Amino acid sequence: MALTRGSDSVPALAPHMLVTRWQREYAMRLFATDLLGVTIAVLGSQWVRFGGRGAALDTYGAGERDFAVTYTAVSIALIVAWMLALKLLATRDPRIVGSGSLEYKRIADASFRTFGLLAIIAFLTQSAIGRGYLLIAFPIGLVLLLFGRWVWRQWLNRQRERGAFSHRALLVGERTKAEHVALQMARHAEVGISIIGAVTDHGSVDRDLGDGIPVVGALADVLAAIEETGVDTIVYTGSDEVDPQQLRELGWELEERSVSLIVAPALTDVAGPRLHARPVAGLPLIHVEYPSFDGGKATTKRAFDVIGSLVLIVLFAPIMLAVAAAVKATSTGAVFYSQERIGLRGEPFRMLKFRSMVSGADDQLKSLLDAQGTSDRPLFKVNDDPRITSVGRFIRRYSLDELPQFFNVLRGDMSLVGPRPQRPAEVALYEDYAHRRLFMKPGITGLWQVSGRSDLAWDDAIRLDLYYVENWSMMADLVILWRTVRAVVEPTGAV
């Protein structure tokens with residue numbers, strides 16, 4: 001891999017300058033929204049707590065001084081400190097905004113630190129800051145900050161789907177590794193990296209990398225390819241033909257051209273919290289934590305399931321009674337449908353649903369699957385299923401047939417969020433790696449369901465379930481539950 005200049009001319013910096021411009025503009029929008037949210041929360045809290053009067057802060061020895069600290073001064077100082085904390089904790093860093101949970105975590109961290117510092121200062125100065133003032137300002141401010149970022153994230157994602165506000169990137173590395181990275185990035189336009197070409201080990205320009213990504217040259221042509229394509233980012237996917245010294249020299253060349261370098265390790269579907277970079281002897285090592293399914297995390301998830309299912313059973317009791325009456329009145333057979341599914345670590349259990357099909361529907365399944373040629377695939381789905389009743393079609397559309405599964409959760413067979421519970425015959429068709437999805441209890445909803453409902457192919461469904469199992473967190477469960485509510489309100493198919 002030759003990394004000589006080949007020319008004394010340095011490429012124009014237009015791509016880099018363009019990226020810097022939109023990053024700066026987006027950061028200013030976030031700053032304005034953050035300032036608005038913090039100001040509304042702090043000054044609004046002051047107004048609610050003290051009204052229009054200029055209340056003074058109760059401090060030790062205040063009566064002996066010629067001046068008093070007012071809450072207006074405290075509010076201004078709190079706004080400045082809050083905004084400074086958001087800046088210092090890099091909540092508007094271009095590398096984290098727009099995707100993932102790190103942006104939200106840093107906002108929460110900055111907010112907790114700001115109010116923690118305020119409490120320490122109040123203690124040291126023996127100032128009695130009104131608890132009502134703080135109890136209003138903190139949660140409202142945090143909610144407004146997170147909501148503002150969420151709104152801007154939706155806008156940014158729409159722009160990136162059109163190809164704007166994104167990095168133009170060139171893949172560099174062995175063809176198979178580059179294809180893998182290209183496939184993963186194509187699934188997540190929200191990360192803001194648009195792959196426009198590839199430089200591979202053999203440089204077979206007559207064959208695209210996949211999904212319309214052209215191969216523009218061999219590894220020896222990487223610098224010329226950068227000039228030709230005008231990219232602002234290089235994604236190095238790895239190659240045995242590139243030794244450490246050559247990669248280092250490539251970094252120097254990219255630095256001169258203001259082109260960013262991203263090294264993509266051969267890791268797939270591993271979330272950020274499990275990755276920890278640790279430089280050792282000049283080597284950027286990545287420590288990967290194994291997922292944990294027991295201990296305190298399991299206890300927290302179970303407690304959340306028990307409390308959540310009890311609340312939801314009470315909340316949806318009138319709806320469940322109405323659905324039961326409609327099922328009984330419109331077709332013959334039992335109100336509830338019980339079917340064997342495979343649960344935690346391969347243990348079978350009986351999953352409850354409201355009956356949405358005609359009686360004896362299971363006896364017709366094999367013939368229907370044979371007719372459409374899908375009896376050998378793990379997802380036993382029948383297109384335009386003739387067994388579904390009119391009421392069944394309605395309750396499936398709005399996932400009302402799933403409501404009895406709250407009792408499965410309460411009993412401990414299922415979780416509110418988890419991999420999709422499947423039939424024994426479907427599990428029998430698993431490849432070895434797919435059995436890892438049985439390491440957690442199946443869920444009423446999950447990443448699989450909210451990412452495509454019933455329209456996903458099996459490979460995509462198993463990939464999402466495995467991603468959930470490998471990267472589970474309570475925050476992820478809360479996000480999936482929220483996305484489930486949105487999917488039910490705007491249904492596109494049965495879960």
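User: Is Arg92 buried or exposed, and at what relative accessibility?

Analyst: Buried means under 20% relative accessible area, exposed over 50%, and partly exposed in between (1.4 Å probe, protein chains only). Arg92 counts as buried, at 15% relative accessibility. The model is predicted: local features need pLDDT of at least 70, side-chain atom pairs count only at pLDDT 80 or more, and totals for chains, interfaces and linings use all residues. Residues are numbered from 1 along each chain as its sequence is written, and side-chain values use heavy atoms, with hydrogens and water left out.

User: What is the mean pLDDT of the protein, and which stretches are below 50?

Analyst: pLDDT is the predictor's confidence in each residue, from 0 to 100. Where pLDDT is low, the predicted coordinates should not be read in detail. Here the mean is 80, and 81% of residues reach 70 or more. Residues 1–13 have pLDDT below 50, with 23 contacts (heavy atoms within 4.5 Å) beyond near neighbours in sequence. Residues 62–67 are also below 50, and that stretch has three such contacts.

User: Which residue forms a salt bridge with Asp34?

Analyst: Side chains of opposite charge can pair when their charged atoms come close. A salt bridge is a side-chain nitrogen of Lys or Arg within 4 Å of a carboxyl oxygen of Asp or Glu. The structure holds 16 of them. Asp34 pairs with Arg92, the closest N and O atoms being 2.8 Å apart. Asp34 lies in helix α1 and Arg92 in the loop between α2 (71–88) and α3 (102–124), so the pair ties together parts 58 residues apart in sequence. Helices (H or I, at least four residues) and strands (E, at least two) are DSSP runs, numbered from the N terminus. Asp34 is buried, at 1% relative accessibility.

User: Where do Lys301 and Asp477 lie?

Analyst: Their side chains meet in a salt bridge at 2.7 Å, N to O. Lys301 is in helix α8 and Asp477 in helix α15 (residues 474–489), 176 residues apart. Lys301 and Asp477 are both buried. Elsewhere, salt bridges that share partners join Asp34, Arg92, Glu103, Arg149 and Arg153 into one network.

User: Which residues touch the most other members of the largest nonpolar core?

Analyst: In soluble globular proteins, nonpolar side chains tend to be buried together. A nonpolar core is a set of buried Ala, Val, Leu, Ile, Met, Phe, Trp, Tyr and Cys residues joined through side-chain atoms within 4.5 Å. The largest one has 27 residues, and Phe354, Ile395 and Tyr468 touch the most other members. Its largest share, five residues, comes from α8. Leaving aside neighbours within four places in sequence, the contacts of Phe354 include Met320, Val323, Ile395 and Leu403.
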